[in-house]
Amino acid sequence: QVQLRESGGGLVQPGGSLRLSCAVSGSMFRIYDMAWYRQAPGKERELLATVTSAESTNYADSVKGRFTISRDNYKNTVYLQMNSLKPEDTAVYYCNFFPARNYWGKGTLVTISS
């Protein structure tokens, strides 16, 4: 089973930035579409951004213009650069394939608070 390991979360003030990373095990990473998701307390998991194997990207309206997804196929890693963070961005952030597979990493907690 592929392992998904997210990192980079933390406590940031509103308006700040964070860069999340997700290391993906397995040798076929480069052929898969990947995505970042998040789950805020008491809410459903939300799809935020996708990056295809051809590095085409797409974003949810809630993060468009503020977040940037990217990938490094040599490092088997997906990134999420998050700028202009808002308190409503507070959530546990996960990466997964797109569409998501039925297993998830532990995620990384992002807290936006002054």
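**Group meeting: a walk through the model**

I'll start with Asn76, which sits in the loop between S7 and S8. One word of caution before going on: what we are looking at is a predicted model.

Back to Asn76. The backbone there has a positive phi of about 50°, and the residue is not a glycine. In general, most residues other than glycine have a negative phi. Is Asn76 buried or exposed? Asn76 is buried, because its relative accessible area is 17%, and the cut-off for buried is under 20%.

There is another case of this kind. Ser84, also not a glycine, has a positive phi of about 50°. Ser84 belongs to the loop between S8 and S9. With a relative accessible area of 40%, Ser84 counts as partly exposed.

While we are on the backbone, there is a cis peptide bond to point out. The bond runs from Phe98 to Pro99, with omega near -5°. Pro99 is found in the loop between S9 and S10. Please keep that loop in mind, since Trp104 is in the loop between S9 and S10 as well.

Now the sheet. Six strands make up an open sheet, and the order across it is S2-S10-S9-S4-S5-S6. The pairing is mixed. Which strands stand at the edges? Those are S2, residues 10-12, and S6, residues 57-59. Each has a single partner strand, so one side of each is left without a neighbour in the sheet. From one strand to the next, the twist averages 25°.

For a strand pair inside that order, take S4 and S5. S4 covers residues 34-39, S5 covers residues 46-51, and the two run antiparallel. Five bridges join them. If you want a place to look on the screen, Met34 is opposite Val51 in S5. For background, strands of a sheet pair through backbone hydrogen bonds, either parallel or antiparallel.

Next, the disulfide. How many does a search of the whole structure find? It finds one. The bond is between Cys22 and Cys95, with an S to S distance of 1.6 Å. Cys22 is in strand S3 and Cys95 in strand S9, so to speak two distant parts of the chain, 73 residues apart. Cys22 has a relative accessibility of 0% and therefore counts as buried. Cys95 is also buried, at 0%.

On to the nonpolar core. The largest one has 30 residues. Which of them touch the most other members? They are Leu4, Trp36, Leu80, Met82 and Tyr93. Several strands each supply at least two residues of this core: S3 (18-24), S4, S5, S7 (67-72), S8, S9 (91-97) and S10 (108-112).

Trp36 comes up again when we look at Tyr79. Tyr79 lies in strand S8, residues 77-82, and is buried at 12% relative accessibility. What does Tyr79 contact, leaving aside its neighbours within four places in sequence? The contacts are Arg19, Leu20, Ser21, Trp36, Thr68, Ile69, Ser70 and Asp72. Tyr79 and Ala23 are 56 residues apart in sequence, yet their C-alpha atoms are 9.0 Å apart in space.

Last topic, the aromatic pairs. The whole structure has three of them, and I will describe two. In one, the ring centres of Tyr37 and Trp104 are 5.1 Å apart. Why is that pair edge-to-face? The planes are at 85°, and an angle over 60 degrees counts as edge-to-face. Tyr37 is in strand S4 and Trp104 in the loop between S9 and S10, so the pair ties together parts that are 67 residues apart in sequence. Tyr37 is buried at 7% relative accessibility, whereas Trp104 is partly exposed at 30%.

Trp104 also pairs with Tyr94, again edge-to-face, at 5.8 Å centre to centre and with 75° between the planes. Tyr94 is in strand S9, ten residues from Trp104. At 11% relative accessibility, Tyr94 counts as buried. Taken together, Tyr37, Tyr94 and Trp104 form one aromatic cluster.

That is what I have.

Technical notes:
Residues are numbered from 1 along each chain as its sequence is written. This is a predicted model: local features need pLDDT of at least 70, side-chain atom pairs count only at pLDDT 80 or more; totals for chains, interfaces and linings use all residues. Side-chain values use heavy atoms; hydrogens and water are left out. Two strands pair if DSSP finds at least two bridges between them. Helices (H or I, at least four residues) and strands (E, at least two) are DSSP runs, numbered from the N terminus. Axes are lines fitted to C-alpha atoms, for helices over the stretch in contact, and angles run from 0 to 180 degrees between N-to-C directions. Buried means under 20% relative accessible area, exposed over 50%, partly exposed in between (1.4 Å probe, protein chains only). Contact means heavy atoms within 4.5 Å. A nonpolar core is a set of buried Ala, Val, Leu, Ile, Met, Phe, Trp, Tyr and Cys residues joined through side-chain atoms within 4.5 Å. A disulfide is a pair of cysteine sulfur atoms within 2.5 Å. Rings of Phe, Tyr and Trp (its six-membered ring) pair if their centres lie within 6.5 Å; planes under 30 degrees apart count as stacked, over 60 as edge-to-face and the rest as tilted.
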